[in-house]
Amino acid sequence: MTLSVSPELASPASAQPAIEVRKLSFHYSPTAAALRDISFAIAPGECVGLIGPNGAGKSTLLFHLNGLLPERPSNADGPVLISGQPLTPANLPAIRRQVGLLFQDPNDQLFCPTVFEDVAFGPQQLGLTAAQIAARVRSALAQVHLDGFESRAPHHLSTGEKRRVCLAGILACEPAILVLDEPTSNLDPRSRRELKALLQQIPTTKLIATHDLDLVAELCSRVLILNHGQLVAEGPTIPLLSNERLMLQHDLECPHVLRHLHPH
Amino acid sequence: MSLFLHLLNPHSRLDSPIHRLAARIKLAAALAIIAATLLCPPTAASFLLIPAGLLVMVAALSRIPPLFILRRLLLLEPLVLGVALLSLLQPNGGQIFVLLATRSTLCLLTMILLSNTTPFSALLGIMRACRIPALLITTLALLYRYLFVLAEEAERMTRARASRTFVPRHRRNWRTSASVASQLFIRATERAQRVYSAMCSRGWQ
Amino acid sequence: MHIPDGLLNTRVAATTTALSAAGLAFALRHARLHLPPRRVPLLGLAAAFVFAAQMLNFPVAPGISGHLIGGVLAAALLGPSAAVIVISAVLIIQCFLFADGGLTALGANILNMALIGGVGGWSLYALLIRLRRDLFGRIFAAIAASWISTVLAAVACAGEVASSGKVSWMAIFPMLAGIHMLIGIGEGLITALVLLMIVKTHPDLLGLTLPTESTVASPARARLAPLLVFGLLISIGLALFVAPFACPWPDGLEKTAAILGLNHHEVKPLLAAPAPDYHPRIPGLTSAPLAIALAGAAGTMLVFAVSWLLAKALVPKVPVPATTA
């Protein structure tokens, strides 16, 4: 079992953060603020966890990273920058190519009649040739260990397989950044292990929103804690997750993995 | 209810000489058989033995369990026979009835074999090549994809409500089914929104 | 009501296919021009909903249960053009995957269930809700429109089969129309119940029509186009396949029908018809068209009356906020 111990896992190759968010606020309605003044940066190659109780605003924040929210973006430079580029309507296609968003429910993301067509969807939108698309699909499915699944129909797959197909669909677009919303939810222990191993192998920048605190402890070098739409804590994984008082304060708890190592 | 879904086309991905044929060929053959069956003049009715024999051969080669084919045929026959029986009320009715029933059954068999040897996505590909409008193709693809998802949700909801119904009453059943239907629609619209987001996330415009 | 292969002759199959192809093509074009991109997946999901909803059981008697058809429901929730696409998609999948409904009869089935049943029903619904725009008015309109359009679709179906010459009008019309008079009540009730429950939780969903099909701020021409095109196709369908049986035709139209190969007088029934041209005998009336008109009016009034009573029974007395048209 590996633990990400060092906070300096991020490669210092580029000074420009992969994701930079400056004072992001968002309201679903005039009275309900979903996000308040969120600011953080993620360096290229980093794997960062985003944790918080239900309703904290994790999914809302993730949707801002590829422009799904706000629904009507302004043309001015917004609070979100991807690889230095501000998120504007003009940049949206380029941003969406760079940011691969894995949705919580694989049934929402797997919308084509066969696995091949679904993984090919992204490359098709990129305008690649048929041969290039086929190559990307093959390599993406190989990456997620689903070789030979091309002609399978989605409704015959297990949740774990569906999630891996969704991941393949994103990897086929060769994004620079992976943003994952609850990747291990509804998975049985074996599928969870397989997915965790997969994620460990993928070297791209990763932001993982999850309730699975053991996953965060095992994969992420840094953690962001979100509660009531605000970023309440940020820092290296182990110290933060071992802070029992902090975790309980935000309706979380110390992961079993750390409790075993650091009995209080 | 999930019985229907398992009847859908569980054998469409078997391996057999028929399954391996290109979808175009199978569709063209199906159309040809249907056309020949329907256009065969009543006086030359014995020619119907040709498509009949062809279909039996295809059924055998396709390795689809014969019992399955029979069951599907029997499921749909009553509708055919019901209307066909009305033709008996005419002079010469007996002959018309036999011809009608035979033709309809042969066409039914053709479609059953087609749907069980060809994945639906292949049929969609042919439609796309025939320049059928993209909106219709997308609708058919999404319909096929989410049919099972929604039917499963419907089944779960019905079961959940049934487990809280202690005295079955027809009226309550109506309200249950209607409320399941209304929930299905609401969930369908919400899921449509999420699918739209997923499509946009992967570059759809 | 799915017509299998073999019941329709070539000419009827070709005519119905032409009419329904025109209707579907128009609906697709209309939707392509006016449907916002975010609604595109909704068509597919709504089609899956209609298919799944058709499989729900509505028990009528031990062993017998009714099922929703969903034409008016789809149209009331999505608007006529979207409903045509949605119902056609369901029929296409049922034909190709279930063999439910013949391939050569696909045109007729789309004409009957998507155009006549769906759009025809919706037009009735849109007309009737002008009587009372509140929830009660909508439910009454839904029941009456579903009922009438179900019967109308069945009558068209009977007309198409009879025009093909294999089954006589005298045999198929009473059976289909009679059965669907009963099925229609069920359809109306189920449609009303589902609409009621949707309104309870999501009243805004009752207005998902295309921008040019709502009554709010859209150019009259864009609003009328779907109604005109669909109305024309439905009228032609009814004129070709129903009118000839229902009432005597002027010679000119008879000749046209003969040219088109629609033989509605060729098949001589074994059972004697109650009247040479089928029309109800009303003492004192010798004019066939008038008798038919009166019978139709009486039947319609009956449907309206029963629908009104059913709506009264279903709609809660507590005032619900009136939904905008």
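This is a predicted model: local features need pLDDT of at least 70, side-chain atom pairs count only at pLDDT 80 or more; totals for chains, interfaces and linings use all residues.
User: Ok, chain A then. In what order do the strands of the four-strand sheet run?

Analyst: The four strands form an open sheet in the order 2-1-4-5, with antiparallel pairing. Strands here are DSSP runs of E with at least two residues, helices are runs of H or I with at least four, and both are numbered from the N terminus; two strands pair if DSSP finds at least two bridges between them. Strand 2 (33–42) and strand 5 (85–86) of chain A stand at the edges with a single partner strand each, so one side of each is left without a neighbour in the sheet.

User: And how many bridges join strand 1 of chain A to strand 4 of chain A?

Analyst: Three bridges join strand 1 of chain A to strand 4 of chain A, and the two run antiparallel. Strand 1 (residues 19–27) of chain A also pairs with strand 2 of chain A in the antiparallel sense, over six bridges, and these two strands form a hairpin with five residues between them. Glu20(A) has a bridge partner in strand 2 of chain A, Ala41(A), and a bridge partner in strand 4 of chain A, Leu81(A). His27(A) is bridged to Ala33(A) in strand 2 of chain A.

User: What about the six-strand sheet in chain A, which order does that one have?

Analyst: That open sheet has the order 6-7-8-3-9-10, and its pairing is mixed. Strand 6 (99–102) and strand 10 (230–236) of chain A are at the edges, each with a single partner strand, so one side of each is left without a neighbour in the sheet. Strand 6 of chain A pairs with strand 7 of chain A in the parallel sense over four bridges, and Leu102(A) has Leu180(A) of strand 7 of chain A as its bridge partner.

User: Where in chain A is there a cis peptide bond?

Analyst: A cis peptide bond joins Leu69(A) and Pro70(A), with omega about -10 degrees, and Pro70(A) lies in the loop between helix 1 (58–64) and strand 4 (80–82) of chain A. Most residues other than glycine have a negative phi, and most peptide bonds are trans. Glu174(A), which is not a glycine, has a positive phi of about 50 degrees and is found in the loop between helix 6 (159–171) and strand 7 (177–181) of chain A.

User: Switching to chain B, where does helix 8 of chain B bend?

Analyst: Helix 8 of chain B bends by about 40 degrees at Tyr146(B), the bend being the angle between axes fitted to the seven residues ending there and the seven starting there. The 29 residues of helix 8 of chain B should span 42 Å at 1.5 Å a residue, and its end C-alpha atoms are 41 Å apart, which agrees; the expected span is 1.5 Å times one less than the number of residues.

User: How many residues of chain B are in contact with chain A?

Analyst: 20 residues of chain B are in contact with 23 residues of chain A, where contact requires C-beta atoms, placed from the backbone, to lie within 7 Å. Helix 7, helix 8 and helix 9 of chain B each give two or more residues to that side of chain B, and the largest share, eight residues, comes from helix 9 of chain B.

User: And how many residues does the contact of chain B with chain C take?

Analyst: That contact takes 61 residues from chain B and 59 residues from chain C. Among the elements of chain B that give two or more residues there are helix 3 (23–39), helix 8 (134–162) and helix 9 (170–201), and helix 9 of chain B gives the most, with 20 residues.

Note on methods: Residues are numbered from 1 along each chain as its sequence is written. Chains are lettered from A and ligands numbered from 1 in the order in which they are written. Two residues are in contact if their C-beta atoms, placed from the backbone, lie within 7 Å.
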